[in-house]
Amino acid sequence: MIRLLIYGFLIYLVVRIVKSLGRSLTGPDEDVGDVPRSENTELIRDPQCGTYFLRQQGVQARIGGQRLHFCSERCRDEYLRDHGMR
Ligand SMILES: [Zn+2]
């Protein structure tokens, strides 16, 4: 009886593995479809003006060992000025 349970469990595991393999072969984008994992599509907030923008469109600045992102060079300059960096 216990052996039957073990066999059943093994068969269940094999079915699960085959199904997951089949899924990854047929549609690799299925699981990550809803959640954008790429940094290029990440929305970040400009600490100066509060605008949300895509990271790839922003301007980077390293301030006190911290990396900040701004929507434009103007906002970056204003932020630096407001914080006494220039
Ligand atoms: Zn801005």
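**Close-up views of a predicted model**

**View 1. Asp 46 sits in the loop between β1 (43–45) and β2 (52–54).** The model shown is predicted. Asp 46 counts as partly exposed because 19 C-beta neighbours lie inside 10 Å; a buried residue would need 20 or more. Setting aside neighbours within four places in sequence, the contacts of Asp 46 are Thr 51, Phe 53, Phe 70, Cys 71 and Cys 75. Cys 75 is 29 residues from Asp 46 in sequence. In space, the C-alpha atoms of Asp 46 and Cys 75 are 8.0 Å apart.

**View 2. Strands β3 and β4 pair antiparallel.** β3 covers residues 59–63 and β4 covers residues 66–70. Five bridges join the two strands. Val 59 has Phe 70 in β4 as its bridge partner. Phe 70 is also among the contacts of Asp 46.

**View 3. Arg 74 belongs to helix α2 (residues 73–82).** Is Arg 74 buried or exposed? Arg 74 counts as exposed because it has 12 C-beta neighbours inside 10 Å, and the exposed class takes in residues with 12 or fewer. Val 59 is 15 residues from Arg 74 along the chain. The C-alpha atoms of Arg 74 and Val 59 are separated by 9.4 Å. Val 59 is the residue that bridges to Phe 70 in β4.

**View 4. The whole protein has two helices and four strands.** Their order along the sequence is α-β-β-β-β-α. Of the 86 residues, 7% are buried. Among contacts between residues at least 6 apart in sequence, 20% join residues at least 24 apart.

**View 5. Confidence in the predicted model is highest in α2 and lowest in helix α1.** The mean is 95 in α2. In α1 (residues 2–26) the mean is 85. Across the protein, pLDDT averages 83. A score of at least 70 is reached by 79% of the residues.

How values were computed:
Residues are numbered from 1 along each chain as its sequence is written. This is a predicted model: local features need pLDDT of at least 70, side-chain atom pairs count only at pLDDT 80 or more; totals for chains, interfaces and linings use all residues. Two residues are in contact if their C-beta atoms, placed from the backbone, lie within 7 Å. Two strands pair if DSSP finds at least two bridges between them. pLDDT is the predictor's confidence in each residue, from 0 to 100.
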